[in-house]
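Reader: I have just opened this one. Can you walk me through it?
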Amino acid sequence: MERPLARLGALVLAGLCGLAVVGPALAAPPEPTKPVDLARYLGRWYEIARTPNGFEHGAECQAPTADYGADRKGEIRVVQTCHRGSPTGEETIYRATGRILDPGMNARLRLTYYLVISKEYRVLDYARDYQWAIVGDSTGKFVWLLSRAPDIAAATRSDMLQRARSLGFDIAGLEFPLQR
């Protein structure tokens, strides 16, 4: 069940202090190098791995998904869903609106949650068939490995982890949330 006011307080705290538990930002955060076809990128993504952060609260956020869509005004709409404690636990929903920061490349997106918290995300790599993607934030502190399916082949997961490492991310401390 969504509780916007209660979640707003949690989001503000996460934005102000919860994210600070992660190590320092990369000296040179990775830059997107490939243009993103938005029509192919939109849709549901399953979170395979992530840097620990105050937003998703570690083991509390299981079976996380992000559903990307576009509205008629050209804004991006994102609905992120977590299940508390287990893949079938209580659902928590975060909604964001976003805009593309680099038209033409479409690899930089600024998302705003509850009109207060705003963050830039970068699509740093993706499969040619858009079956997986690696997304980071603009500081280089956080990375997410996403897939179109809740389960991926071990070889694909290994390749994604090595790619994230080659982008400069410390993959040793990544969390691997349970999926359904």
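Reader: Which residues of α3 are buried?

Author: Met160, Leu161 and Ala164 are the buried residues of α3; buried means under 20% relative accessible area, exposed over 50%, partly exposed in between, with a 1.4 Å probe and protein chains only. Seen down the axis of α3, they fall within an arc of 100 degrees, so they line one face of the helix. The arc is taken from the directions from the helix axis to the C-beta atoms.

Reader: What covers them?

Author: The cover includes β7 (132-137) and β8 (143-147). Helices (H or I, at least four residues) and strands (E, at least two) are DSSP runs, numbered from the N terminus.

Reader: And which exposed residues are on the face turned away?

Author: Ala155, Asp159 and Ser166.

Reader: How is this model made and numbered?

Author: It is a predicted model, where local features need pLDDT of at least 70, side-chain atom pairs count only at pLDDT 80 or more, and totals for chains, interfaces and linings use all residues. Residues are numbered from 1 along each chain as its sequence is written, and side-chain values use heavy atoms, leaving out hydrogens and water.

Reader: New topic. Where is Ala107, and is it buried or exposed?

Author: Ala107 sits in the loop between β4 (91-100) and β5 (108-113). Ala107 counts as buried because its relative accessibility is 2%.

Reader: What does Ala107 touch?

Author: Leaving aside residues up to four places away in sequence, Ala107 touches Pro32, Lys34, Val36, Asp102, Tyr121, Arg122 and Val123, where contact means heavy atoms within 4.5 Å. The C-alpha atoms of Ala107 and Tyr121 are separated by 8.3 Å, and these two are 14 residues apart along the chain.
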